[in-house]
Amino acid sequence: MHKRRNQGVLLVKVRDGMSHLVLTIGPAHTLRQAARMMSARRIGAAVVIDPEHAGIGILTERDILDSVAAGEDPDAELAAQHRTEDLTFASPDWTLEEAAAAMVKGGFRHLVVVEDHDVAGLLSMRDIVRSWTSAEAVQGTSPQPAATSA
């Protein structure tokens, strides 16, 4: 793992927290097909690659949920119609703190990680939490219990 200490804080790189296996789908996949593939892999996003157009997109569980909630037919709606194409990409060399800040600023929960113009992985908020939790265990600290009010 690429961890280094900076002012007593353990910094973990995106490359160490990201999922290296990424589900890629085409723009003609229906939302139901995408949902089935995502569900089978227990993941919340798929990268949409259209060989006829430059650039990539992302289809998330939220995109599918919004479509179904709007009464749209998941067997008729296509990934191309619901993907997000204006993406913020992460570098594998970013720290998880930089990735989390980009997610908060952009209001999204997944980052496509790109290295040398290729998709290298996908980083989710869950991946960040998992990495930070294991980093705390390495440091020997334990999370403090949440305060409750009576």
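**Exercise 1.** In this predicted model, find which residues T30 is in contact with, leaving aside its neighbours within four places in sequence.

*Solution.* Start with the position. T30 sits in the loop between β3 (24-25) and α2 (31-41). Next, list the partners: P74, D75, E77 and L78. Then check the accessible area. The relative value for T30 is 14%. Buried means under 20%, so T30 is buried.

**Exercise 2.** Explain how the buried residues of helix α3 (residues 61-69) are arranged.

*Solution.* The buried residues are D63, I64 and S67. They cover an arc of only 95° around the axis, so they lie on the same side of α3. Residues three or four places apart in an α-helix point the same way, because a turn takes 3.6 residues. The packing partners of the buried residues are α2, β5 (56-60) and α4 (79-82). Just after α3, G71 has a positive phi of about 85°.

**Exercise 3.** Determine what the salt bridge between R15 and E115 ties together.

*Solution.* The N to O distance is 3.8 Å. R15 is in helix α1 (residues 14-17) and E115 in strand β7 (residues 110-115), so the pair ties together parts 100 residues apart in sequence. Finally, widen the view: R15, D93 and E115 are linked in a network of salt bridges.

Methods. Residues are numbered from 1 along each chain as its sequence is written. This is a predicted model: local features need pLDDT of at least 70, side-chain atom pairs count only at pLDDT 80 or more; totals for chains, interfaces and linings use all residues. Side-chain values use heavy atoms; hydrogens and water are left out. Helices (H or I, at least four residues) and strands (E, at least two) are DSSP runs, numbered from the N terminus. Buried means under 20% relative accessible area, exposed over 50%, partly exposed in between (1.4 Å probe, protein chains only). Contact means heavy atoms within 4.5 Å. The arc is that of the directions from the helix axis to the C-beta atoms. A salt bridge is a side-chain nitrogen of Lys or Arg within 4 Å of a carboxyl oxygen of Asp or Glu.
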